[in-house]
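Here is a short walk through a protein model. Keep the structure in view and follow one stop at a time.

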Amino acid sequence: MSEDSLLLCATSRLAQTLRGEVPAGAGRWPTRRALTIGQWLATLADEALLCGIEALPTALDSDAERLLWEQVIAEHLASGAGDAAALFDLPGLAASAMDAHALCRQWPLSAGGGADETRLFAAWQERFLQRCRGLGRIDAGGLQRRLIELIKAGHFVLPGLVRVAGFDRPTPLERRLLAALEGRGTVVEKWTNSTVDRQIPAIFACPDATAECRAAVAWAQRRLAADPGLRLAIVAPDLAGVRDRLAALLDDVLLPPAIRPDAAELPRPFNISLGRPLAEQPLVRRALDLLALAGSRGRIEQGRLSALLLAGFWGADADEADGRALLDAAMRRELPYLTTPAALPRLATRLGDPCPVTLAALAAGSERLASAPRSQTPGDWGRHLRAALTAFGWPGQRPLSSDEFQAHRAFGEVLDGFGRLDELLGKIGQGAALARLRELCRNRVFQPETRGQPAIQVLGVLESAGLAFDGLWVMGLNDDRWPPPPRPNPLLAAEAQRAASSAHASAEVELDFARRVHARLLASAPEVVLSWARADGNRVLRPSPLLAGDAPPADCDVRLATLAGRLAATAGLVAVVDAQAPPVAAGEAVAGGSWLLRAQAICPAWAFYQFRLGAVALESPVEGLDPAARGTLVHAALEHFWRRTGDSDGLAALLGGGLTAAVAEAVAAALAGFEQRMALPPRFRELEGARLQRLLERWLRHEGERRQPFTVAACEQQASVEVEGIRVNMVVDRIDRLADGRLVVIDYKTGAAIDIRNWAGERITEPQLPIYAALVADEVAAVSFAKVLIDKPAFTGVADSGDLLPGVQGLGDERQKLFPAERFADWPAVVGHWRDRLQAVAREVGAGVAGVSFASESDLRYCEVLPLLRLPERRRLQQAAG
């Protein structure tokens with residue numbers, strides 16, 4: 001291309017690709033002059049300023065323009081909507097208004113109309129343009145229109161030849177530019193990067209989107225294996241929806257070493273065009289979190305502190321990683337859900353200061369922020385925030401990787417450019433500055449620079465414009481995505497948008513656009529594959545109507561040579577059965593009590609990992625009281641009540657009058673005892689007290705229906721028993737003694753899901769009450785859970801006879817189906833069954849039985865070591881075997 005020629009490209013990706021192309025066999029070559037229209041017109045704006053052609057207003061960048069729209073809309077709503085203005089999504093409205101204004105610049109559209117929304121936008125647009133004139137600024141679309149008029153008026157030295165590339169559907173403004181160039185004598189030509197005729201594509205119908213991703217990656221793997229020098233592309237209309245799946249599969253198949261943490265940033269043989277918001281980059285997210293946390297004036301969620309302690313990029317993140325983890329675990333145990341950073345040093349002192357450098361950095365950064373003026377310009381805030389991050393020790397101790405370095409540089413550019421908003425925002429407070437900084441990072445798309453020339457490009461349909469490949473797979477061609485559904489701007493008259501055929505205005509516009517893109521894609525490679533998914537979950541999907549004239553679909557091939565598959569096929573692998581743990585040694589103490597036998601009965605691996613190896617889940621603090629704490633309060637209140645009341649006669653007397661006062665006294669005692677460990681806010685304490693009052697009164701009235709007189713012999717009774725060499729310590733909620741001396745053992749439950757069917761089975765998964773009845777005490781006549789619920793209080797269990805507890809059938813009752821008479825002739829038979837089954841489970845513990853075996857995954861809902869059971873791997877193996 002001569003120096004007197006110019007390539008105008010539809011996308012910056014196409015322009016960058018064309019500038020970087022190396023002519024075959026060339027030792028030296030001129031770089032193509034390839035620019036987008038916006039980039040080229042920006043050079044003309046600079047020329048107009050330097051040469052004195054015209055004093056053009058300064059163009060607003062996208063961040064400043066979005067902010068100005070937001071301010072204009074906020075002022076207008078505040079003047080008309082009053083307090084209701086706060087209910088509007090200002091950033092969303094500003095984005096829609098900015099898009100509507102750009103449509104008016106690009107297409108023959110004007111604001112206004114009969115609808116309320118269009119009239120509002122007309123007022124906003126008029127005020128926006130007034131503000132721009134007052135500031136000496138102009139929006140990008142307005143500047144481009146001015147420059148086109150200057151071209152038509154004879155200004156600027158223009159290239160003799162302009163070629164346009166990648167424009168599927170030029171806008172009227174783009175056509176005006178090309179007409180102005182032709183009017184000045186410039187030759188305008190359409191340029192294509194491909195000489196391939198329209199191909200007859202292969203079409204595949206895949207079971208779902210995941211299978212479609214696997215099929216596309218399998219195709220790329222086979223093609224590159226045959227010829228590593230090929231240039232391939234995978235194009236998806238919904239690239240955001242499949243990006244992560246494609247990236248994971250491409251890594252697994254084409255770059256297995258990337259699974260190692262130290263190889264996470266190896267050069268990939270593929271490039272994905274869709275970037276992510278800068279705010280989502282781990283290094284930048286940590287900086288924003290540090291600033292937000294240190295700038296907080298009140299209590300914050302403990303989870304935010306936990307995320308900071310466990311993450312890197314600040315303080316002594318490498319040297320004190322273990323100490324920070326210890327501090328986090330202690331914080332979860334000992335600090336409330338809402339806490340302050342100042343609580344960490346006090347907690348660390350009790351632990352022996354496991355991470356002093358980290359806490360010193362936290363204090364230094366917080367102090368630096370606290371010393372800032374209450375109000376200053378964004379530019380001043382940018383410098384102050386940078387200094388605070390330095391005091392925090394950001395970005396950490398270890399050297400940054402290439403991607404992290406680029407993210408660090410991009411965030412620095414945002415901080416340095418914060419001053420561009422001085423004129424619009426003036427002096428603002430720290431909270432507003434941090435909110436604006438986070439928004440700027442969310443709006444900036446970040447994508448690390450691609451190293452080398454990747455063999456595979458993963459693109460959206462727009463990013464693929466003008467590019468040519470050796471092979472192309474276009475996926476996601478379902479009728480709900482291709483053609484895309486229309487998205488007319490809600491702030492412009494729909495009729496006017498349809499009449500102008502503006503972008504996304506109607507189904508007809510989108511169909512025309514899709515046909516153009518479809519034809520271009522079919523001519524962009526000598527091999528083209530199209531695919532669509534048959535289903536999304538239970539929803540049946542259909543192919544795009546644009547596939548109707550092509551070949552009938554075939555079933556896709558989803559076979560992939562993954563890392564796991566290659567390792568499994570390697571000779572010399574030894575299968576290890578991990579269902580057998582070492583037996584319990586003589587003198588070895590095994591903790592867990594009845595929970596150990598419960599876990600062993602449900603899943604032996606659970607019992608082994610948690611109670612023999614000592615694996616525990618980190619606590620997750622919750623706001624207020626979690627279910628366990630609420631249950632503790634119920635237990636404590638009932639214990640206090642029965643210690644004061646004593647027996648059924650005392651309860652009967654209170655039911656005649658005085659129950660409310662007795663329950664109130666028990667609730668107050670329970671709350672007072674609880675608050676010795678954790679203080680409750682006054683209003684929360686009042687609400688919890690009222691809940692307990694209603695719940696206990698409801699339950700005690702149900703207990704008043706018991707026909708047999710009883711005396712409460714023990715509350716929260718500790719017991720210990722040895723079962724086949726396993727010491728089991730337990731606490732029984734309540735033991736009642738009947739008039740004949742027999743015992744009723746009760747366990748309080750405040751949840752509705754209670755299952756006692758396992759009591760008659762081979763594996764007793766609720767063993768506490770059977771342990772007590774079979775191995776601890778004699779003369780037990782009934783065992784039962786007490787469902788202390790406000791809606792349906794009830795006893796659920798089993799008894800020797802049917803008159804001991806309301807709703808609990810005796811063994812001889814006809815309605816009792818749990819213990820059939822042919823197997824359980826009498827109460828001693830039930831107790832004997834419990835003894836045998838509990839001893840069998842205890843023998844399993846002693847023998848080291850530790851396999852992953854369970855009846856139902858729902859039984860594992862309270863398992864703290866669930867990740868160690870590797871259930872997803874188990875499901876995959878079962879699917880492969882089945």
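Start at Phe204, which lies in strand S7, residues 202–206. The model is predicted. Phe204 has a relative accessible area of 21%. Buried means under 20%, so Phe204 counts as partly exposed. Which residues does Phe204 touch, leaving aside its neighbours within four places in sequence? Its contacts are Trp473, Val529, Leu530, Ser531, Trp532, Pro553, Ala554, Asp555 and Cys556. Now look from Phe204 to Leu695, 491 residues apart along the chain. Their C-alpha atoms are separated by 61 Å.

Next, turn to helix H14, residues 356–370. It has 15 residues, and at 1.5 Å a residue they should span 21 Å. The end C-alpha atoms are 21 Å apart, which agrees. The buried residues of H14 are Thr358, Leu359, Ala361, Leu362, Gly365 and Leu369. These residues cover an arc of only 155° around the axis, so they sit on the same side of H14. Glu367 and Ala370 are exposed on the other side. What covers the buried residues of H14? The cover includes helices H10 (282–294), H12 (321–334), H13 (343–351), H15 (378–391) and H18 (430–443).

Last stop: a helix pair. Two packed helices are described by the angle and the distance between their axes. For H22 (residues 594–602) and H23 (residues 604–612), the axes come within 5 Å and cross at roughly 140°. From H22, Trp595, Leu596, Arg598, Ala599, Gln600 and Ile602 take part. They meet Pro604, Trp606, Ala607 and Phe611 of H23. The residues of this contact divide into eight nonpolar, one polar and one charged.

Notes
Residues are numbered from 1 along each chain as its sequence is written. This is a predicted model: local features need pLDDT of at least 70, side-chain atom pairs count only at pLDDT 80 or more; totals for chains, interfaces and linings use all residues. Side-chain values use heavy atoms; hydrogens and water are left out. Helices (H or I, at least four residues) and strands (E, at least two) are DSSP runs, numbered from the N terminus. Buried means under 20% relative accessible area, exposed over 50%, partly exposed in between (1.4 Å probe, protein chains only). Contact means heavy atoms within 4.5 Å. Axes are lines fitted to C-alpha atoms, for helices over the stretch in contact, and angles run from 0 to 180 degrees between N-to-C directions. Ala, Val, Leu, Ile, Met, Phe, Trp, Tyr, Cys and Pro count as nonpolar, Asp, Glu, Lys and Arg as charged, and the others, Gly among them, as polar. The expected span of a helix is 1.5 Å times one less than its number of residues. The arc is that of the directions from the helix axis to the C-beta atoms.
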